[in-house]
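Reader: I'd like to learn how to read a few features off a model like this one. Can we take them one at a time?

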Amino acid sequence: MKKVTGTKQIRHPRFHLTINLGPYHISKRELRLLLSVIERTLEIDGYFYPTTISMSFVEPSVIRRLNRDFRGKDKVTDVLSFPIDEEGGILGDVVLCPKRAHAQAKLYGNSFERELCYLTCHSILHLLGHDHMFPLEKRLMRKQEKRVMRDMMLE
């Protein structure tokens, strides 16, 4: 199995992705799936503009610190999204914790690949301005997540 490591710059027809895997690695298949999930999430949300996204894989201690500093929640989380400037062509930053994703996959009876795709879809929707703080927003966001996962045959 071919592994992807380090930092990669990927020019997709619809977006530019910088992915920093830090001390982690993913398979080439997982990378292709991530690109497809990003593309499908943008399509389903009706976002058809060239854009830039960055994604970083970090240790639990790093995501905990970010979660504390930016959200006031002093705990490890699975993924954080930091919107930047949608209109300026930079959607934002996604910070993902693979150790947390592995644990959640096991807890929910999913593969790591499926969890990685779901968290990517979830975070891209956040970059696009979606949230799940109120029931109506949550229903809409979940509907879009399910559609992406179903379309990707991951649901």
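Reader: Let's start with a side chain. Does F82 count as buried, partly exposed or exposed?

Author: Before that, one caution: this is a predicted model. As for F82, its relative accessibility is 22%, so F82 counts as partly exposed. The cut-off for buried is under 20% and for exposed over 50%, with partly exposed in between.

Reader: Fine. Now aromatic pairs: what describes one in general?

Author: A pair of aromatic rings is described by the distance of the centres and the angle of the planes. In this model the count comes to two aromatic pairs.

Reader: How are the rings of Y47 and Y49 arranged?

Author: Their centres are 5.2 Å apart and their planes sit at 80°, so this pair is edge-to-face. The angle that matters here is over 60 degrees.

Reader: And is each of those two tyrosines buried or exposed?

Author: Y47 is buried, with a relative accessible area of 4%, whereas Y49 is exposed at 52%.

Reader: What about F70 and F82, what geometry do they have?

Author: F70 and F82 form an edge-to-face pair as well, with 5.1 Å centre to centre and 70° between the planes. This pair links distant parts of the chain: F70 belongs to helix 2 (residues 60-71) and F82 to strand 6 (residues 79-85), 12 residues apart. You already have the exposure of F82, partly exposed at 22%; F70 counts as exposed, at 57% relative accessibility.

Reader: On to helix packing. What should I look at?

Author: Two packed helices are described by the angle between their axes and the distance between the axes. Take helix 3 (residues 98-108) and helix 4 (residues 112-127): they pack at an angle of about 115°, and their axes are 8 Å apart. The crossing of helix 3 and helix 4 is right-handed.

Reader: Which residues make the contact between helix 3 and helix 4?

Author: From helix 3 you have P98, A101, H102, Q104, A105 and Y108, and from helix 4 you have F112, E115 and L119. Sorted by class, that contact has six nonpolar, two polar and one charged residues.

Reader: Now cysteines. How many disulfides does the count come to?

Author: Zero disulfides. The cut-off to keep in mind is sulfur atoms within 2.5 Å. The sulfur of C97 is 17 Å from the closest cysteine sulfur, in C117, and that is too far for a bond. C121 is in no disulfide either; the nearest cysteine sulfur, that of C117, is 9.3 Å away.

Reader: Are C97 and C121 buried or exposed?

Author: C97 is buried, with a relative accessible area of 0%, and C121 is buried with a relative accessible area of 0%.

Reader: Where does C121 lie, and what is C121 in contact with?

Author: C121 lies in helix 4. Leaving aside neighbours within four places in sequence, C121 is in contact with V37, T41, E145 and V148. For spacing, C121 and M149 are 28 residues apart in sequence and 8.2 Å apart in space, C-alpha to C-alpha.

Reader: Last one, from a loop. Where does H25 lie?

Author: H25 lies in the loop between strand 3 (15-20) and strand 4 (26-27). H25 is partly exposed, with a relative accessible area of 41%. Again leaving out residues up to four places away in sequence, H25 touches K3, V4 and T5. The C-alpha atoms of H25 and V58, 33 residues apart along the chain, are separated by 11 Å.

Methods
Residues numbered from 1 in each chain as written. Heavy atoms only, no water. Axes fitted to C-alpha atoms, helices over the stretch in contact; angles between N-to-C directions. Helix = DSSP H or I, 4+ residues; strand = E, 2+ residues; numbered from the N terminus. Left-handed = near helix turned anticlockwise from the far one by under 90°. Contact = heavy atoms within 4.5 Å. Nonpolar A, V, L, I, M, F, W, Y, C, P; charged D, E, K, R; others polar. Phe/Tyr/Trp six-rings, centres within 6.5 Å; stacked < 30°, edge-to-face > 60°. Buried < 20%, exposed > 50% of the residue type's maximum accessible area, 1.4 Å probe, protein only.
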